[in-house]
Amino acid sequence: MKFGKEFKTHLEDTIPEWRDKFLCYKPLKKLLKNLPSSNHTNNAPINPSSFTHLEAWFVTILNDELDKFNDFYVDKEEEFVIRFQELKERIERLKEKSSQSERYTSEYEDEFSEEMMGIRKDLVTIHGEMVLLKNYSSLNFAGLIKILKKYDKRTGGVLRLPFTQLVLRQPVFTTEPLTRLVHECEENLERLFPLQEEVIQSNPAPENQSKSLEDNTTNDLPDASSTLGEETVYIYRSTLAAMKAIKGLQKESSTSNPFSFSSLFNNQDADSTGAVTAENSATNSPATLHNEESTVKDPDSS
């Protein structure tokens, strides 16, 4: 499936309140088609002055998109830090209350079970939202790379490489703190609820496991909805859809291209974020920069 369709499918499956926070991929594609092309012989060549203004205008648009990403990402990350800290405090209070209780009546057990189920629901919900935010970072990065590639191809410019270096330094693509939070949340869920299976691992599963994961989730959701609530199950479904979209983007290209999404992911270590960052990106190596300059054809299409 082409990237544009993958992107559209993910937007339809994600949390509705998040949809307008993603890259305006389709409008940007339409905008690029209206730019003067350097590939058509019947078009007059773009004079240097006009080209400079054109590129400055386009960069302004992309910078506005980056500001939108950063504002949303930072706000959500801060929200998750606060919510997760509150959850940990709830767990500690419940543990303390349990250790101090001298009599385990049926009423106490019911109260304890209810509080634990509430914590479980909230942990599953915040974990799903954090995984979605990691994939938000990855999908927007992939979309920007696609748009930059199309701009260079359309205009004959060389904007993609320098702008990508700027992109990689943005908060939205520096996801290590969020990843540590996701892992800590997973550890709490595994420790407190070892027999439950509502947690979707933050790193995409291997392809031979992804189909099984989706099938098992489909079968388990009706029962899960009775204990976790419809809102949590919706986030669960959205998270699965996001992981599927990322898995599709990670498929190997037929030819080597250091700026392809799969190449960028393959340069991350086993404990990586699931998103591209300045620290783990292949674009930061001298060899990659040299190879990019000599690349004639980009195999990624959309």
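Trainee: At what angle do helix 1 and helix 4 pack?

Mentor: Keep in mind that this is a predicted model. Two packed helices are described by the angle between their axes and the distance between those axes. For helix 1 (residues 3-13) and helix 4 (residues 106-155), the axes lie 11 Å apart. Helix 1 passes helix 4 in a left-handed crossing, and the packing angle is about 150°.

Trainee: Which residues of helix 1 make that contact with helix 4?

Mentor: On the helix 4 side, you'll find Leu139, Asn140, Ala142, Gly143 and Lys146. Taken over both helices, the contact residues divide into four nonpolar, three polar and one charged. The helix 1 side supplies Phe3, Phe7 and His10.

Trainee: Moving on to helix 2, why do its buried residues sit on the same side?

Mentor: The buried residues of helix 2 (residues 25-33) are Tyr25, Leu28 and Leu32. They end up on the same side of helix 2 because they cover an arc around the axis of only 65°.

Trainee: And which helices do those buried residues pack against?

Mentor: Look away from the exposed side first: Lys26, Pro27, Lys30 and Lys33 are exposed on the other side of helix 2. The buried residues of helix 2 pack against helix 1, helix 3 (48-100) and helix 4.

Trainee: Now the charges: is Lys76 buried or exposed?

Mentor: Lys76 meets Glu79 in a salt bridge, 3.1 Å from N to O. Both lie in helix 3, three residues apart, and Glu79 is partly exposed at 29% relative accessible area. The cut-off for buried is under 20%. Lys76 has 12% relative accessibility, so the call is buried.

Trainee: How many salt bridges does a search of the whole structure find?

Mentor: Side chains of opposite charge can pair when their charged atoms come close. Over the whole structure, the search finds nine.

Note on methods: Residues numbered from 1 in each chain as written. Predicted model: local features only at pLDDT ≥ 70, side-chain atom pairs only at ≥ 80, totals over all residues. Heavy atoms only, no water. Axes fitted to C-alpha atoms, helices over the stretch in contact; angles between N-to-C directions. Helix = DSSP H or I, 4+ residues; strand = E, 2+ residues; numbered from the N terminus. Left-handed = near helix turned anticlockwise from the far one by under 90°. Contact = heavy atoms within 4.5 Å. Nonpolar A, V, L, I, M, F, W, Y, C, P; charged D, E, K, R; others polar. Buried < 20%, exposed > 50% of the residue type's maximum accessible area, 1.4 Å probe, protein only. Arc of directions from axis to C-beta. Salt bridge = Lys/Arg side-chain N within 4 Å of Asp/Glu carboxyl O.
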